[in-house]
Amino acid sequence: MQSKSHDTHQHVDQSHGHDHHHEELGFWKKYIFSTDHKVIGIQYGITALAFLFFGFTLMMVMRWQLAYPGKAVPIVGGLLQKLLGEEMVGKDALGHIGVISPDLYNSFGAMHGTIMVFLAIVPLAFGAFGNFVTPLQIGAPDMAFPRLNMASYQAYFLGGVVMFCSFFIPGGAAKSGWTSYSPLATVSDLGHRPNGQTFWLIGMVLLISSSLLGAVNFITTIIQLRTKGLNWMRLPFFVWAQFVTGFLLLLAFPPLEAAGILQLMDNLLGTSFFLPSGLVVAGKALGVSGGGSPLLWQHLFWFLGHPEVYVLILPGMGIVCEILCNNSRKPVWGYKSKVYSALAIGFISFIVWAHHMYLTGMGTKISTFFQTTTMIISIPSVIILTCFFITLWGGSIRFNTPMLFALAFLPMFGIGGLTGLPLGFNASDIALHDSYYVIAHFHYVVAPGTIFALFAGVYFWFPKATGRMMNEFWGKVHFTFSFLFMNLVFMPMFFQGLAGMSRRMYDGGATYSLASNPDSIAALSSSVIGLNKYITHAAYGLALAQIPFIINFFWSIKKGKKVTSDNPWNATTLDWQTPTPPPHGNFATEPEVFRGPYEYSVPGHPTDFTPQNQK
Amino acid sequence: MDIPYTVKPRPDTGLYNAKVGIWLFLASEVMLFGALFSSYILLRVGAEKLEWPHGVLNVYIGTFNTFVLISSSITVVMAWASLKMNNFRNFKIFQGLTIMCAFLFLGVKSYEYSEKFKHYTLVLKDGRNMTGHVEVNGKTAFFLNDVKLNAKGHEIPEFTFHPDPVNAISNIPLEKTEPTAGKGEAAKGEAKTEPAHETHAEAGAAHHEAMVIKSSDVKRLSAFVPAHSTYFGIYFCITGLHGLHVLGGAIVMFYFWMPGSKMWRTEPERFINRIEVSGLFWHFVDLVWIFLFPVLYLL
């Protein structure tokens with residue numbers, strides 16, 4: 001295998017003439033302007049992990065403000081003031097620097113959501129894993145359009161830069177929530193044009209364009225570049241998940257792009273697509289023509305927003321599926337029902353969006369429709385999760401780090417999914433809407449759900465990308481504390497939400513506390529408010545728990561234990577049948593597939609795994 | 001290993017990679033323009049009765065442009081067919097004609113745009129409401145509005161207004177909504193109940209020829225720009241985005257017409273594929289206009 005891999009270097013991708021000498025590629029062509037799907041995947045991965053960390057630090061500052069309202073942020077307070085100015089970061093009663101202003105809190109909140117969803121999780125799940133693993137798993141030499149692939153990474157990177165820069169412009173970053181509801185988003189920073197919202201919109205248009213290019217590329221690759229014998233029902237579930245995700249991005253993102261363009265015109269050209277007639281801001285009539293519809297923005301946003309949820313979770317499910325089968329040494333249970341469930345999720349996810357809008361007064365008939373479809377879409381999700389659990393039954397499970405994360409995904413996603421049902425019923429949603437319950441619900445899906453699946457994927461495919469294993473012991477330390485602190489962070493939020501705490505409180509609910517409103521029967525008790533401190537400390541614990549991962553990640557690139565074979569996990573899929581790390585062009589000769597993706601422990605077979613390309 | 005099916009179709013799908021790619025891309029474009037058309041419908045349905053103008057756009061020019069684009073749809077197919085029949089000379093002619101049509105379309109469109117930029121709605125403080133053209137110091141003014149009239153340091157004390165003939169345009173939005181707390185609703189309601197064309201007719205009848213207007217008498221002045229009204233906002237948004245698509249398509253086709261056509265000698269099949277894919281995109285751009293024209297010009 002290893003010797004053959006050199007031959008593949010000489011194969012030249014016809015579509016770009018400048019690449020005639022692969023071995024002489026300089027640093028820039030090889031690592032920065034690469035068209036190789038594996039390099040691009042790693043670029044996506046590292047950029048997205050950096051943004052994941054950045055989004056997390058924004059949240060840590062916000063958590064301080066929630067737990068200790070009005071007190072200066074310790075350690076980084078002075079730095080924040082230097083970076084963001086005295087308007088944003090002030091002094092507390094004792095003269096300590098680092099009290100964040102309500103505006104800054106709002107913009108950190110908006111940017112935390114935006115960065116985590118559009119710059120961290122989607123690029124990591126779809127851009128990084130999709131890019132690195134999909135072509136390997138379908139036996140393809142690269143993506144169908146390598147230069148388009150590079151362009152989509154560059155558009156993503158540029159979008160990230162625009163978003164990041166928006167913190168430092170006058171007025172600060174966007175501060176109207178990650179959903180940017182109009183008219184708030186348009187009138188929130190009237191003193192500055194262009195303002196943070198302008199940057200947000202331009203950044204989003206870049207990110208959406210990047211996703212669209214990526215989606216076109218992924219779907220084409222999966223349709224066209226499957227190797228000989230790899231028919232649709234032999235595809236690994238991971239590839240199916242990426243395929244459905246690709247369609248969601250392709251068809252759900254353009255309406256948000258349209259909405260972004262319209263809001264950009266509201267922002268820069270003075271139109272009023274989302275501004276109703278007779279809008280009064282700060283006691284003065286807003287000088288616009290009016291006649292727009294705020295509800296239109298919400299429809300366009302959530303038409304993306306809900307499929308986006310499945311964009312976040314499906315690649316995670318794909319990763320978990322690979323790791324569960326591999327480490328329980330069993331074929332996946334119910335392969336076809338899982339594939340059809342993923343497709344069903346894909347279709348139905350386009351007709352559930354307005355369950356985010358029950359409280360906008362759009363009418364009970366429409367609410368009933370969306371409530372019904374919302375309940376229906378939970379069925380395929382439950383089927384997939386059930387298949388995962390049954391897959392474990394009777395397996396000989398290896399409890400390595402990727403497996404631990406994948407196993408933890410199951411109950412965490414279960415909690416996240418089931419707590420979504422009360423939000424899907426429009427009667428119970430009236431009480432829970434916009435409370436901490438919502439935050440807890442979707443973070444259970446995305447944080448200990450998707451992010452755990454992504455961690456599992458990093459530990460699992462690390463040896464394929466680098467040729468070295470990550471450290472098992474520190475991996476397990478990372479897992480144990482992440483699992484513990486994730487739950488300590490998000491579980492109390494359910495109780496806060498049920499007690500009626502709003503999710504948008506700058507002071508952590510103090511205004512509505514029993515202490516400030518002793519006569520009110522609906523005030524928040526001190527035990528509910530007190531949970532803020534526990535959650536904040538748990539969040540800092542969660543941050544500490546990531547240190548072993550960060551060190552392990554970089555240390556293992558240079559010093560990790562070398563893999564002894566190309567297939568260290570004894571896996572069946574094609575991604576493990578390549579040289580390690582795979583060269584440009586991936587396979588020495590076109591592999592041929594003879595069997596399904598998960599033939600583990602086949603009776604009568606000498607090994608407990610049968611690779612797809614074995615006759 | 002090389003990337004397969006870059007030129008030859010894959011047997012089981014019958015398509016080469018770029019063709020799958022362009023169809024997927026067009027699917028996303030359908031969603032993009034679909035969202036904008038949906039927005040148009042929602043905004044129009046939600047508009048007050050007199051807020052949605054009629055007759056602002058020149059139907060004859062629009063019809064002409066429609067024919068220009070439809071002709072280019074024919075020539076773009078002929079260009080591809082010529083290559084299929086191994087006739088490179090005809091390809092050059094038809095591809096050239098297509099590009100010419102594209103730029104003719106853009107030229108006409110920019111003429112239409114510039115006409116709008118110097119056409120105004122004027123609302124005076126005495127309630128008179130007119131459309132027409134504005135002259136400042138003897139020159140036709142573009143993009144002027146009431147904010148610029150009173151811009152500090154650049155005040156324009158007065159200007160000449162040439163009103164349009166009566167009933168040229170109906171349903172032009174009356175005035176900027178200005179609800180001052182409490183009284184606002186009543187004032188707005190009053191303005192709305194007064195039919196636009198009547199005031200218009202009155203104004204027009206009284207002032208057929210140019211009139212000199214003092215800036216201090218102006219309640220609202222706005223050229224037909226996106227900020228004028230939601231109608232012009234969505235008009236410029238959709239036609240502008242469509243225009244960018246036309247421009248992008250034209251640039252790509254120009255590349256294949258001149259420098260990119262060298263590929264015909266080295267890889268003819270791949271070159272034909274390129275022409276086919278760019279042609280598919282071009283048909284989509286035409287199709288969008290086929291929807292745009294009736295929706296914006298006729299309905």
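Trainee: Which helices of chain A do the buried residues of H11(A) pack against?

Mentor: Happy to walk you through that. The model is a predicted one, in which local features need pLDDT of at least 70, side-chain atom pairs count only at pLDDT 80 or more, and totals for chains, interfaces and linings use all residues. Residues are numbered from 1 along each chain as its sequence is written, while chains are lettered from A and ligands numbered from 1 in the order in which they are written.

To your question: the buried residues of H11(A) pack against H9, H10 and helix H12 (364-392) of chain A. Helix H11 itself covers residues 335-348 of chain A, 14 residues in total. From its first C-alpha to its last it reaches 20 Å, close to the 20 Å expected at 1.5 Å a residue (1.5 Å times one less than the number of residues). Helices here are DSSP runs of H or I with at least four residues, strands are E runs of at least two, and both are numbered from the N terminus.

Which residues of H11(A) are buried? They are A:Tyr335, A:Lys338, A:Ser341, A:Ala342, A:Ile345, A:Gly346 and A:Ile348. Buried means 20 or more other C-beta atoms within 10 Å, exposed 12 or fewer, partly exposed in between, with C-beta atoms placed from the backbone. For the pattern along the helix, recall that an α-helix has 3.6 residues a turn, so residues three or four places apart point the same way.

Now follow two of the partners of H11(A), H9 and H10, out to the neighbouring chain. The contact between the chains takes 46 residues from chain A and 41 residues from chain B (two residues are in contact if their C-beta atoms lie within 7 Å). On the chain A side, helix H8 (196-224), helix H9 (237-268) and helix H10 (294-328) each supply at least two residues. H9(A) gives the most to that side, with nine residues.

Among contacts between residues at least 6 apart in sequence, 78% join residues at least 24 apart.

The largest nonpolar core has 254 residues; such a core is a set of buried Ala, Val, Leu, Ile, Met, Phe, Trp, Tyr and Cys residues joined through C-beta atoms within 7 Å. A:Ile219, A:Val320, A:Phe405, A:Ala406, A:Phe409 and A:Ala456 have the most contacts inside it. Take A:Phe405: leaving out residues up to four places away in sequence, A:Phe405 touches A:Phe452, A:Phe455, A:Ala456, A:Tyr459 and A:Phe479.

Across in chain B, B:Trp282 sits in helix H9 (residues 268-298). B:Trp282 counts as buried because 26 C-beta neighbours lie inside 10 Å. Beyond its neighbours within four places in sequence, B:Trp282 is in contact with B:Val76 and B:Gly249. B:Asn87, by comparison, is 195 residues from B:Trp282 in sequence and 21 Å away in space, C-alpha to C-alpha.

Finally, some backbone details are worth a visit. Most residues other than glycine have a negative phi, and most peptide bonds are trans. In chain A, the peptide bond from A:Ser182 to A:Pro183 is cis, with omega near 0°, and A:Pro183 is found in the loop between helix H6 (146-165) and helix H7 (184-187). Another cis peptide bond joins A:Thr580 and A:Pro581, with omega about -20°; A:Pro581 lies in the segment after helix H18 (526-559) of chain A.

In chain B, B:Asn86 has a positive phi, near 65°, and lies in the loop between helix H2 (59-84) and helix H3 (88-117). B:Asn86 is exposed, with 11 other C-beta atoms within 10 Å. B:Phe143 also has a positive phi, near 60°. B:Phe143 occupies the loop between strand S3 (139-140) and helix H4 (146-149) of chain B, and is exposed, with 10 other C-beta atoms within 10 Å.
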